[in-house]
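Have the sequence and the model open side by side while reading.

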Amino acid sequence: MSSHTAVPGQSPIAETAPQSLCALEPRVPADRLVAEMVPPPRFDSVRFDTYVPDPHQPSQTEAVEVLSSFAAGLGGAHATGSGRTGKARSASSVGWWRATAGRFGRKQAAAPAGPRGVYLDGGYGVGKTHLLASLWHATPAAPGLKAFGTFVELTNLVGALGFQQTVQTLSGHRLLCIDEFELDDPGDTVLVSSLLSRLVEAGVALAATSNTLPGKLGEGRFAAADFLREIQGLSAHFRPLRIDGEDYRHRGLPEAPPPYSDDQVTRAAYATPGASLDDFPALLDHLARVHPSRYGALTDGIAAVCLTDVQPVPDQSTALRLVVLADRLYDREVPVLASGLPFDRLFSDEMLNGGYRKKYFRAISRLTALARDAKGLVAQ
């Protein structure tokens, strides 16, 4: 890292120039991908008792109760024993299903022929990820025996390890939580469904949330019946847990704070230890050369991301890569300071009305939150 030349009119506060994300091409070993399958830093401290149910939505209170019981039921021995694919079930697993079957709308339901699985069915902003992370934390097992990741992170793991090695690596786990199960790519859906089938046979309990299919745009939540149909053979292992709440459509796009000038962003980058400084179009080009599985590593040690000349995203492939980066930055609570256009103008109307609408809304919401977090970086 070379020493910087002070920005005109600014006292040299930092001893070195800001980092550039465009100069980084991290290599992530496969064992790190597995070890990092835990709730992201933003959800380190969430628990069931920190989830605040809406008093007008009794399903939210019920969700906490059901998931708490679900976690407690995972405290026994591995459902089928290490490495076996038999039908044995612990008494706790059978008891959990009998105790909670009514909550899923099925009376006198028998315990399923495989490990438990729950699907959190709810709209944007009702706290599904909070609850999923709370389930991970509450499950009485060592961190190495339970995994948490997004659908994209799971497909990246398969890409890094290969299918058989991924099955072998995760088969000894007590629980696998999958956030934002993506159903807009049939190939990946089949891949992950096949993986989960093998894990079910090995006795791994499953929990998932899901994104909206393109054909279901405009719905505030993803219909559980569609999720279960898409995963076909796995559907018998999931029970939908509906979580009602305010629909994201009624919230509209979050209002992004006004952007700063290039000079303000540059000054802040030099004055903030650990900050990065990049031209936004150049960063978008760089993301095309880095596999999305490495975007988390791309932000290692970055205290703040400073971007100049934010412009509309030119195409959908670029937009989807930006969504992944926004997720990793949000997970790690890295503030984002920017000049150019405000973040609520990143995506075209065509994109916001297309098949990936929900992803773009999420990216806008998260980048806007990180932009607000960056306010303190600018000298008043």
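Start in the predicted model with helix H5, where Leu154, Leu157, Val158 and Leu161 meet Phe163, Gln165, Thr166, Thr169 and Leu170 of helix H6. Contact here means heavy atoms within 4.5 Å. The residues of this contact of H5 with H6 divide into six nonpolar, three polar and no charged. In this division Ala, Val, Leu, Ile, Met, Phe, Trp, Tyr, Cys and Pro count as nonpolar, Asp, Glu, Lys and Arg as charged, and the others, Gly among them, as polar.

Two packed helices are described by the angle between their axes and the distance between the axes. For H5 (residues 151-161) and H6 (residues 163-170), the axes come within 7 Å and cross at roughly 115°. Axes are lines fitted to C-alpha atoms, for helices over the stretch in contact, and angles run from 0 to 180 degrees between N-to-C directions. Helices (H or I, at least four residues) and strands (E, at least two) are DSSP runs, numbered from the N terminus.

Residues are numbered from 1 along each chain as its sequence is written. In this predicted model, local features need pLDDT of at least 70, side-chain atom pairs count only at pLDDT 80 or more, and totals for chains, interfaces and linings use all residues, while side-chain values use heavy atoms, with hydrogens and water left out.

Next come the aromatic rings. Rings of Phe, Tyr and Trp (its six-membered ring) pair if their centres lie within 6.5 Å; planes under 30 degrees apart count as stacked, over 60 as edge-to-face and the rest as tilted. By this rule there are two aromatic pairs. One of them is the tilted pair of Phe151 and Phe181, with 4.8 Å centre to centre and 50° between the planes. This pair links distant parts of the chain, since Phe151 is in helix H5 and Phe181 is in strand S3 (residues 175-181), 30 residues apart.

Strand S3 belongs to an open sheet of five strands in the order S2-S3-S4-S1-S5, with parallel pairing. Two strands pair if DSSP finds at least two bridges between them. At the edges are S2 (146-150) and S5 (239-243), each of which pairs on one side only. Strand S1 (residues 117-122) pairs with S5 in the parallel sense over five bridges, and Asp121 has Arg242 in S5 as its bridge partner.

A further open sheet has three strands in the order S6-S7-S8, again with parallel pairing. Its edge strands are S6 (275-279) and S8 (336-340). Five bridges join S6 to S7, and Ala275 has Ala304 in S7 as its bridge partner. Helix H9 (residues 262-271) lies across S6, S7 and S8 and runs at about 160° to S7.

Last comes confidence. pLDDT is the predictor's confidence in each residue, from 0 to 100. The protein chain has a mean pLDDT of 79, and 74% of its residues reach 70 or more. Over residues 212-222, pLDDT stays under 50. Where pLDDT is low, the predicted coordinates should not be read in detail.
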